[in-house]
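Good morning, everyone, and thank you for making the time. Please take a moment to look at the sequence and the model before I start talking you through them.

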Amino acid sequence: PISRGEVRRLILTASGGPFRETPADRFAHITPEEALKHPTWQMGKRITIDSATLMNKGLEVIEARWLFDVPAGKVDIMVHPQSIVHSMVEFVDGSIVAQLGTADMRQPIQYALTYPERCASPVAALDWATVSRLDFALPDPVRFPCITLAYEALARGGTAAAVLNAADEVAVEAFLNRDIAFPDIPKLIRSALEAHPGQGSSSLDSILEADRWAREFARRWVGRSVA
């Protein structure tokens, strides 16, 4: 077993989505059809748009913080367009252990169901002869502010993460319905976080109330944008 004291940081990888290299001045013109064309994964609409804004990685930072009981400052994100390296753990001695595999979600889902056992799976083995390069880069916080919003929600604590998630869900739906533009997604979420009266998350009721509040706030925000 690995102790938390041995871990320097966790590194989550992101494909970068369909707009990894898209100029910022093009974002206002992005259509739902373009955002739903993910270069690597075939997923549902909400998570595909979250991948386009990189909110999916922000949510994974929140998950990792609580699942592994590590400070948010020890969870980093790297853009890795090949989607072969899925995550890494950096230890205090500087060594790094990476989890690599074919870009197929059946593999991690199966392992989650069979843990700690590993069983044969229908997923094709990674063909190293076809892996010519592995690229990594830091995400651009200017073009993809949703990552920053996720870290801010963790810093705020309490029910802020519930507000972040609920507001994002409404924002994504509004974008898909063409009620708001692509850059409005993080704007709506930030507005919800800033307007939310901070409260503790000591009970399920408080979390559900924060979720309800955020959805109501987000729908009003969208209504004002449409009007």
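I will go through the sheet, then the helix packing, and finally a few backbone details.

Before that, a word on where the values come from: this is a predicted model, in which local features need pLDDT of at least 70 and side-chain atom pairs count only at pLDDT 80 or more, while totals for chains, interfaces and linings use all residues. Residues are numbered from 1 along each chain as its sequence is written, and side-chain values use heavy atoms, with hydrogens and water left out.

As a reminder, strands of a sheet pair through backbone hydrogen bonds, and the pairing can be either parallel or antiparallel. Here four strands form an open sheet in the order 2-1-3-4, and the pairing is mixed; two strands count as paired if DSSP finds at least two bridges between them. At the edges stand strand 2, residues 75-79, and strand 4, residues 96-100, each of which has a single partner strand, so one side of each is left without a neighbour in the sheet. From one strand to the next, the twist averages 20°.

If we now follow the pairs one by one, strand 1 and strand 2 run parallel and are joined by five bridges, and along this pair you can find Ala14 opposite Val79 in strand 2. Strand 1 also pairs with strand 3, this time in the antiparallel sense, over five bridges, and there Arg9 stands opposite Glu90 in strand 3. Strand 3, residues 85-91, pairs in turn with strand 4, again antiparallel and over five bridges, with Glu90 opposite Ile96 in strand 4.

Is strand 1 largely enclosed or left open by the rest of the structure? Six of its eight residues are buried, so strand 1 is largely enclosed, where buried means under 20% relative accessible area, exposed means over 50%, and partly exposed is in between, with a 1.4 Å probe and protein chains only. Helix 3, residues 55-67, lies across strand 1 (7-14) and strand 2, and runs at about 150° to strand 1.

Now for the helices. Two packed helices are described by the angle between their axes and the distance between the axes. The axes are lines fitted to C-alpha atoms, for helices over the stretch in contact, and the angles run from 0 to 180 degrees between N-to-C directions.

Helix 5 (residues 146-156) and helix 7 (residues 184-195) pack at about 15°, with their axes 10 Å apart. They are therefore roughly parallel to each other; angles under 35 degrees count as roughly parallel, over 145 as roughly antiparallel, 65 to 115 as roughly perpendicular, and the rest as oblique. Their crossing is left-handed, a term used if the near helix is turned anticlockwise from the far one by less than a right angle, whereas clockwise gives right-handed.

Helix 7 also meets helix 8 (residues 204-226), and here the axes come within 10 Å and cross at roughly 130°. Helix 7 and helix 8 are therefore oblique to each other, and their crossing is right-handed. The residues in contact, that is, with heavy atoms within 4.5 Å, include Leu188 and Ala192 in helix 7, and Trp213 and Phe217 in helix 8.

Helix 8 packs against helix 6 as well, at an angle of about 35° and with the axes 8 Å apart, and this crossing is also right-handed.

Finally, some backbone details in the loops. The peptide bond from Tyr115 to Pro116 is cis, with omega near 5°, and Pro116 lies in the loop between helix 4 (106-114) and helix 5. Ser83, in the loop between strand 2 and strand 3, has a positive phi of about 55° although it is not a glycine. Arg178, in the loop between helix 6 (160-176) and helix 7, likewise has a positive phi, near 65°, in a residue other than glycine. Which of these is buried and which is exposed? Ser83 counts as buried at 4% relative accessibility, whereas Arg178 is exposed, with a relative accessible area of 52%.

Notes:
Helix = DSSP H or I, 4+ residues; strand = E, 2+ residues; numbered from the N terminus.
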